[in-house]
Amino acid sequence: MFLLAAAKSFRLSNQLELAADYSERLKLREPMNLINLILLIEIYIDLKMYARAKKILDNALYVDSANTKLSELKKRLAI
């Protein structure tokens, strides 16, 4: 989907606010899209918005609690 590609591109070009915006738009349309949720958590960690990252992590864990990438992100957030 375009929104995911745009969010990834903006993150790679270090335009994190735009990356978060596009990723949030996709989250509204597809709240269970795990790839996007992981990307959004990583963006918010990069932006040092840890409370928001944790909230999205909780949602992502609801979608797939056994995901290894989510376990790594959980450790990064030291929850």
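Where is the place of E24? E24 sits in helix α2, with helices (H or I, at least four residues) taken as DSSP runs and numbered from the N terminus. The model is a predicted one, so local features need pLDDT of at least 70 and side-chain atom pairs count only at pLDDT 80 or more, while totals for chains, interfaces and linings use all residues. Residues are numbered from 1 along each chain as its sequence is written, and side-chain values use heavy atoms, with hydrogens and water left out.

Back to E24. At a relative accessible area of 17%, E24 is buried; the cut-offs are under 20% for buried, over 50% for exposed and in between for partly exposed, using a 1.4 Å probe and protein chains only. Its side chain meets that of Y44 in a polar contact of 2.7 Å. Such a contact is a pair of N or O atoms within 3.5 Å; within protein, one must be able to donate a hydrogen and the other to accept it, and residues adjacent in sequence count only if both atoms are side-chain atoms. Setting aside neighbours within four places in sequence, E24 is in contact with L40, Y44, R52 and I56, where contact means heavy atoms within 4.5 Å.

Those partners lead on to a helix pair. Two packed helices are described by the angle between their axes and the distance between the axes. Here the axes are lines fitted to C-alpha atoms, for helices over the stretch in contact, and the angles run from 0 to 180 degrees between N-to-C directions. For α3 (residues 34-46) and α4 (residues 50-63), the axes come within 8 Å and cross at roughly 160 degrees. The two helices are therefore roughly antiparallel to each other; angles over 145 degrees get that label, those under 35 count as roughly parallel, 65 to 115 as roughly perpendicular and the rest as oblique. The α3 and α4 crossing is left-handed, meaning that the near helix is turned anticlockwise from the far one by less than a right angle, with clockwise giving right-handed. On the α3 side the contact is made by L34, L37, L40, I41, Y44 and I45, and on the α4 side by Y50, R52, A53, I56, L57, A60 and V63. Sorted by class, the contact of α3 with α4 has twelve nonpolar residues, no polar ones and one charged. In this scheme Ala, Val, Leu, Ile, Met, Phe, Trp, Tyr, Cys and Pro count as nonpolar, Asp, Glu, Lys and Arg as charged, and the others, Gly among them, as polar.

V63, which belongs to α4, is partly exposed at a relative accessible area of 31%. Not counting residues up to four places away in sequence, V63 touches M32, L34 and L37. V63 and K75 are twelve residues apart in sequence, and their C-alpha atoms are 18 Å apart in space.

Helix α3 also packs with α5, this time at an angle of about 20 degrees and with the axes 11 Å apart. That makes α3 and α5 roughly parallel to each other, and α3 passes α5 in a left-handed crossing. The contact draws on L34, I38, I41, E42, I45 and D46 of α3 and on K69, L70, L73 and R76 of α5. Its residues divide into six nonpolar, no polar and four charged.

Now for the helix ends and loops. N67 caps the N-terminal end of α5 (residues 68-76), with a side-chain oxygen 2.8 Å from the backbone nitrogen of K69. N33, in the loop between α2 and α3, is buried with a relative accessible area of 17%. A polar atom of the N33 side chain lies 3.2 Å from the backbone nitrogen of I35.

Most residues other than glycine have a negative phi. N14, in the loop between α1 (2-12) and α2 (16-29), has a positive phi near 65 degrees and counts as exposed at 60% relative accessibility. In the loop between α3 and α4, K48 has a positive phi of about 60 degrees, and K48 is exposed with a relative accessible area of 59%. Just after α5, A78 takes a positive phi of about 50 degrees.

M1 and L26 are 25 residues apart in sequence and 8.8 Å apart in space, C-alpha to C-alpha. Leaving aside neighbours within four places in sequence, M1 is in contact with L26 and E30.
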